[in-house]
Amino acid sequence: MSVGTGSSSSVIVPLTAEHAEQVLAIYRAGIDEGNATFETTPPDWETFDAAKLPDHRFVALDEHGAVLGWVAATKVSDRCAYAGVVEHSVYVHPAARGRGVASALLKALIDSTEQAGVWTIQSGIFPENAASLAVHQRAGFRVIGTRERIGRHHGRWRDVVLVERRSPAID
Ligand SMILES: CC(C)(COP(=O)(O)OP(=O)(O)OC[C@H]1O[C@@H](n2cnc3c(N)ncnc32)[C@H](O)[C@@H]1OP(=O)(O)O)[C@@H](O)C(=O)NCCC(=O)NCCS
């Protein structure tokens, strides 16, 4: 798949072990900015790899094969009723933001999940993360609501905005 990303173009390919180092470095950069996740450090590759669904993880690569960003999903529950519900994360290298990389990654995730019969993609976003809220609303996610003071982050209570995209393609 080839996507236009502003001044240059990128390709979206499955996220594999060969991308591990760059994916985790981009994850760390997002974590260190303080508005991406409650996590304070990225997992090691084995933990990341075991948690993320193999068919629903992608990277965007630049023309030299460098990773610009990644998206990956996890199961939310083992209960049958939620078999088609996943939760995702999307992270873009700080130098590659604002040119459609996250939008392209979300499109790849939406396509792969819909093809696999997944009907809902959900995520939690800190209300201060204006970029992520904008990107997700742009990609067809709706805001469910805000969970107030749901967890502590570096000792401070934080709210989380729940967003979801219910696929119109799956009845
Ligand atoms: C959130 C993040 C993934 C966005 O990635 P990105 O590649 O810069 O986003 P895109 O360029 O695809 O932007 C998609 C849309 O969101 C909008 N958007 C992006 N950043 C924005 C910002 N800071 N403020 C308002 N809107 C913004 C864009 O304008 C674009 O809309 P458009 O197509 O109408 O112009 C990126 O900022 C990031 O990696 N942040 C750190 C990690 C993180 O917070 N991940 C999400 C955890 S929930």
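This is a predicted model: local features need pLDDT of at least 70, side-chain atom pairs count only at pLDDT 80 or more; totals for chains, interfaces and linings use all residues.
Let us begin with helix α1, which covers residues 20-33. This helix has 14 residues, and the distance from its first C-alpha to its last is 20 Å, close to the 20 Å expected at 1.5 Å a residue. Now look at which of its residues are hidden: A20, V23, L24, I26, Y27, G30 and I31 are buried. Seen down the axis of α1, these buried residues fall within an arc of 155°, so they line one face of the helix. Turn to the other side of α1 and you will find E21 and D32, which are exposed. What covers the buried residues? The cover includes helix α2 (45-51) along with the strands β3 (57-61), β4 (67-75) and β5 (85-92). Just after α1 comes G34, with a positive phi of about 90°.

Next, the aromatic rings. A pair of aromatic rings is described by the distance of the centres and the angle of the planes. This structure holds seven aromatic pairs. In one of them, F38 and F126 have ring centres 5.0 Å apart and planes at 80°, so the pair is edge-to-face. Are the two partners buried or exposed? F38 counts as partly exposed because its relative accessibility is 29%, while F126, at 3%, counts as buried. F126 has a charged neighbour too: the charged end of R158 sits over its ring, 3.8 Å from the centre.

Other rings form a cluster, in which ring pairs link Y27, W45, F48, W70 and Y91. F48, another member of the cluster, has K52 lying over its face, at 5.2 Å from the ring centre.

In soluble globular proteins, nonpolar side chains tend to be buried together. The largest nonpolar core here has 26 residues, and I12, V71 and L105 touch the most other members. At least two residues of this core come from each of β3, β4, β5, α3 (101-115), β6 and β8 (156-166). Helix α3 gives the most, with eight residues. To see how L105 is surrounded, leave aside residues up to four places away in sequence: L105 then touches I12, F58, V59, A60, G69, W70, V71, V90 and V92. Apart from this core lies another, of 15 residues, with I26, F48, V59 and Y91 among them.

L61 lies in strand β3 and is buried, with a relative accessible area of 11%. Not counting residues up to four places away in sequence, L61 touches S9, S10, V11, V13, H19, A66, V67 and L68. By contrast, 28 Å separates the C-alpha atoms of L61 and R142, which are 81 residues apart along the chain. T120 is found in strand β6 (residues 120-125), and it counts as buried because its relative accessibility is 8%. Again not counting residues up to four places away in sequence, T120 touches G84, V85, V86, E164, R165 and R166.

Definitions and conventions:
Residues are numbered from 1 along each chain as its sequence is written. Side-chain values use heavy atoms; hydrogens and water are left out. Helices (H or I, at least four residues) and strands (E, at least two) are DSSP runs, numbered from the N terminus. Buried means under 20% relative accessible area, exposed over 50%, partly exposed in between (1.4 Å probe, protein chains only). Contact means heavy atoms within 4.5 Å. The expected span of a helix is 1.5 Å times one less than its number of residues. The arc is that of the directions from the helix axis to the C-beta atoms. Rings of Phe, Tyr and Trp (its six-membered ring) pair if their centres lie within 6.5 Å; planes under 30 degrees apart count as stacked, over 60 as edge-to-face and the rest as tilted. A charge sits over a ring if NZ of Lys or CZ of Arg is within 6 Å of the ring centre and within 35 degrees of the ring normal. A nonpolar core is a set of buried Ala, Val, Leu, Ile, Met, Phe, Trp, Tyr and Cys residues joined through side-chain atoms within 4.5 Å.
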